[in-house]
Amino acid sequence: MRNTYIPYPVSIKEVRVETEDKQLKSFWLQFLKNEDAQAFNYKPGQFAELSISGYGEIPIGIASSPTEGRDLLFTVNKVGSVSSRLHNMKAGDIMGVRGPLGNCYPLKEAQGKNIVIVAGGFAVTTLRSTMNWLLHPDHRGDYGEITFIYGARTPGMLLYTEEWTAWQQSGQAKVCVTVDREAPGWSGLVGFVPTVTGDVAPKPDNAIALICGPPIMIKFTQPVFDKLGWQSDQIIMSLENRMKCGIGICGRCNVGPEYVCKDGPVFTKTQLTSLPQEY
Amino acid sequence: MSHKILAKDKLDAFLQGLCRDQDLFAPVMKDGKVGWAPVTTAAEALWEFSNSELSPKDFFFPQTECMMRFKNVQGDPQGMIMQAEPALNKPRVLLNIRPCDAKAFQVLDMIFVQDEMTNDLYWRDKREKTTLIGLACNDPCPTCFCTTVGSNPHGTTGLDVLLTDIGDKLVAESFTAKGEALLKELPEVTRQDLFQAGELKKAAEAKITSGVAVDKINAATVMELYDAPLWDRVMESCLNCGTCTFCCPTCHCFDIQDETQGEAGRRVRNWDYCMSWLFTMHGTGHNPRGTKKDRVRQRFMHKFKYIPVKRGGEIGCVGCGRCVQLCPVNIDVRKVVNDMNA
């Protein structure tokens with residue numbers, strides 16, 4: 001019987017500063033033990049507790065895709081004591097990972113459908129995982145059109161630029177990346193995510209939408225989808241709340257009877273309309 | 001499984017058997033309050049009492065518990081890697097636990113152990129190594145309402161053995177193989193003894209005159225209850241002090257914190273409580289349960305709606321009445337629940 005509170009030991013393989021404000025860094029983590037890597041079977045949309053001994057744990061969405069190999073990618077915003085400590089760590093340092101936790105995006109159920117992904121700011125992490133998974137040769141044929149709409153405040157705040165550029169060039173997906181305002185050197189789209197979504201006008205027929213972003217983006221994006229005729233059960237969102245145990249016991253991340261850590265973090269808009277807005 | 005008789009003058013011999021290779025605990029009187037302590041003789045334990053001031057959940061879910069340790073040295077081959085604390089090294093017996101508390105732990109079993117991932121080995125280890133010998137309530141308190149939330153003053157749920165005091169002796173009934181083994185040497189019960197125990201049970205049930213009704217709560221949606229106007233009134237007097245959560249046998253919220261001292265490091269879990277403003281606060285400062293009303297509502301909704309929705313109708317309250325007795329501003333869970341059920 002496995003003690004699911006004990007993190008798997010990992011070492012930091014690579015650290016990358018992701019944004020111009022240096023608040024976001026990406027960490028590639030490598031399992032110290034091969035059997036742990038094998039036990040860590042995850043799907044896009046799941047998260048893990050990053051454990052830093054002496055500081056604690058933080059729940060972070062997994063940004064890598066299982067199609068990319070055994071190493072795990074996390075992009076972490078510097079906010080509290082654990083994330084600040086992590087930002088000061090370097091390649092070779094030992095930390096822990098506990099998971100995979102929570103449910104995943106309903107990609108299996110969405111086979112044969114068109115997929116629309118809408119991301120704002122650094123909520124793009126698990127959607128990076130999703131895109132890599134969907135575009136993998138083993139999976140791409142199972143889906144129809146893939147549309148990726150992603151926005152950040154400035155070009156320097158966009159994550160994973162090399163990758164979405166490659167997705168754009170591959171012709172495998174329609175990639176629409178936007179920044180809030182005109183910026184020197186930026187020749188891409190300009191405007192807020194809801195506006196760009198309205199311009200792209202994704203059709204609801206045989207499709208699902210995965211929407212992740214700050215509350216303000218979600219608030220203004222939803223009416224756009226409503227106007228285009230999307231139904232609530234086609235709209236998939238991922239929640240975040242403060243967590244400790246990550247396995248549905250400790251009592252703080254619940255939204256009504258649903259634990260974000262165990263029953264979520266992925267919910268349909270239909271589910272969310274019958275729950276309190278405690279997120 | 002079997003009904004036996006435990007004569008009161010044979011109690012010491014029975015207890016000696018219990019503590020031969022196990023740690024034995026029972027409610028005792030300490031500083032004018034009923035609390036749990038190790039005992040070896042019948043005289044140390046209480047046999048007539050209402051219930052312990054705090055629930056014995058601490059035996060399975062300690063207020064502070066070390067979960068794992070690590071060597072706090074980055075660069076050391078073993079450094080920073082968490083190692084689980086060893087399991088309980090000796091089995092335990094809780095003697096004279098009240099049926100409501102035993103029932104509470106069975107409710108908590110459903111929460112701490114759900115599947116391969118939600119499998120709390122700290123809880124589970126102590127549960128599996130502990131024998132529960134209950135003492136039936138012949139004289140429930142005015143604050144008891146167990147019969148209306150699925151428990152009973154003579155309830156047997158979650159117990160290995162139930163003792164019923166019928167005067168100069170105790171009727172001992174076992175419900176598990178563990179309990180059966182404990183009673184093996186005891187004499188058989190007579191029909192008269194059983195009749196007497198049955199009469200005491202009826203009398204105890206009759207003494208419970210207050211209660212809650214949950215039929216309309218069960219029928220209502222989460223949002224109907226969540227948006228009900230009563231929360232504006234309940235929250236007014238609540239201090240968010242958390243007393244109700246600490247004395248409650250089913251409250252199980254916890255925090256996990258790391259501690260270091262030199263090269264020694266550990267990860268501990270501590271009781272936490274949903275009445276705390278920090279409990280749900282995000283790193284960004286956003287707080288999904290930012291108001292007192294949100295937090296007061298959470299506690300009652302969790303026990304009487306959320307747990308029943310998720311656990312096949314099981315209520316997260318056993319009617320022990322501790323929160324009614326200890327709330328500094330006299331919030332009475334019975335009144336709140338009956339208002340929810342209005």
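Predicted model: local features only at pLDDT ≥ 70, side-chain atom pairs only at ≥ 80, totals over all residues.
In which sense do strand E2 and strand E6 of chain B pair, and over how many bridges?

**View 1. Strands E2 and E6 of chain B, side by side.** Strand E2 (residues 23-30) and strand E6 (residues 92-97) of chain B pair in the parallel sense, over 3 bridges. To find your place, look for B:Leu24, which stands opposite B:Val93 in E6(B).

**View 2. The open sheet of chain B.** Let us step back to the 7 strands, which follow the order E1-E9-E8-E7-E6-E2-E3 with mixed pairing. The edges are strand E1 (2-7) and strand E3 (33-38) of chain B, each pairing on one side only. On average, neighbouring strands are turned by 25° against each other, direction ignored. Helix H5 (residues 191-207) of chain B packs on this sheet and touches E1, strand E8 (161-165) and strand E9 (169-174). The direction of H5 makes about 90° with that of E9(B).

**View 3. The buried residues of helix H12 in chain B.** Within H12 (residues 333-340), look for B:Val333, B:Val336, B:Val337 and B:Met340, which are buried. These residues lie on the same side of H12(B) because they cover an arc of only 95° around the axis. Their packing partners are helices H6 (215-219), H7 (222-226), H8 (230-237), H10 (292-310) and H11 (322-326) of chain B.

**View 4. Where chain A meets chain B.** Here 36 residues of chain A are in contact with 43 residues of chain B. On the chain A side, strand E4 (56-61) and strand E6 (94-101) each supply at least two residues. The largest share, 3 residues, comes from E6(A). This side of chain A divides into 16 nonpolar, 13 polar and 7 charged residues.

Definitions and conventions:
Residues numbered from 1 in each chain as written. Chains lettered and ligands numbered in written order. Pairing = 2+ DSSP bridges. Helix = DSSP H or I, 4+ residues; strand = E, 2+ residues; numbered from the N terminus. Axes fitted to C-alpha atoms, helices over the stretch in contact; angles between N-to-C directions. Contact = placed C-beta atoms within 7 Å. Buried ≥ 20, exposed ≤ 12 C-beta atoms within 10 Å, placed from the backbone. Arc of directions from axis to C-beta. Nonpolar A, V, L, I, M, F, W, Y, C, P; charged D, E, K, R; others polar.
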